[in-house]
Amino acid sequence: MSKIKKAACIGGGVIGGAWAARFLLGGIDVSIFDPHPDAERIVTEVVANAERAYGMLTMAPLPPRGKLTFCATLEEAVAGADWIQESVPERLDLKRGVLTKIDAAADPKALIGSSTSGLMPTQLQRDMRHPERMFVAHPYNPVYLLPLAELVGGERTSPETLLLARERLAPIGMKGVILKKEIEAFVG
């Protein structure tokens, strides 16, 4: 089974921070880039909430926690990552621009998921050089507790990418549900 070795979270708000918590508590090192001045505080609080919640829900041991690194640039954050999760505000122009920058800076084999809750992956991947590896990974909130993510490909996403994404989510306790067709707002 293929595992995520290093994750990058681009956007450190509530959803980006919760993705970071899910990865960290799954034993994966995470690099974060978010230019917002409160991003580090927000992510740190979300991770602390996740740890508290896990402690109240289960006595099952977690793997050793991954290392969290805040980065000064998007390029620094995605360096060496094999899973990149974009969670910037829900604006097509912003997300498309950020995803295009991620695509240019990341390892060509890295998977790129978008946390959008309604934008179509075909629209998001329009300007990418490697659109075959980009998909929507729409999580249920809070990401660190609810173990489900809809995986939706665009017209240029390879079917292998979605299968690999589903496989890589399993070791961190997430079930990836592959949707066969992109629709506005997805299923959940």
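Predicted model: local features only at pLDDT ≥ 70, side-chain atom pairs only at ≥ 80, totals over all residues.
An open sheet of eight strands runs in the order S3-S2-S1-S4-S5-S6-S7-S8, and its pairing is mixed. At its edges lie strand S3 (68-70) and strand S8 (175-179), each of which pairs on one side only. On average, neighbouring strands of this sheet are turned by 25° against each other, direction ignored. Val30 has Leu68 as its bridge partner in S3.

Two helices that pack on the sheet can be described next. Helix H2 (residues 39-57) touches S2 and S3, and its direction makes about 165° with that of S3. Helix H6 (residues 159-169) touches S4, strand S5 (111-114), strand S6 (134-139), strand S7 (148-153) and S8. The direction of H6 makes about 165° with that of S7.

Strand S4 (residues 83-86) contains Gln85. Gln85 counts as buried because its relative accessible area is 0%, under the 20% limit. Leaving aside residues up to four places away in sequence, Gln85 touches Ala8, Cys9, Ile10, Trp19, Phe23, Gly113, Ser114, Ser115 and Ala137.

The largest pocket has a volume of about 240 Å³. Its lining comprises 15 residues, and Gly11, Asp34, Pro35, Val88 and Pro89 lie nearest the centre. Helix H4 (residues 92-105) supplies the largest share of this lining, three residues. By type, the lining of the largest pocket divides into eight nonpolar, five polar and two charged residues.

How values were computed
Residues numbered from 1 in each chain as written. Heavy atoms only, no water. 1 Å grid on protein atoms, 1.4 Å probe; cavity = no way out; pocket = protein on both sides within 12 Å on 5 of 7 lines; lining within 4 Å. Points joined across faces, edges and corners; volume = space filled by probe spheres on them. Helix = DSSP H or I, 4+ residues; strand = E, 2+ residues; numbered from the N terminus. Nonpolar A, V, L, I, M, F, W, Y, C, P; charged D, E, K, R; others polar. Buried < 20%, exposed > 50% of the residue type's maximum accessible area, 1.4 Å probe, protein only. Contact = heavy atoms within 4.5 Å. Pairing = 2+ DSSP bridges. Axes fitted to C-alpha atoms, helices over the stretch in contact; angles between N-to-C directions.
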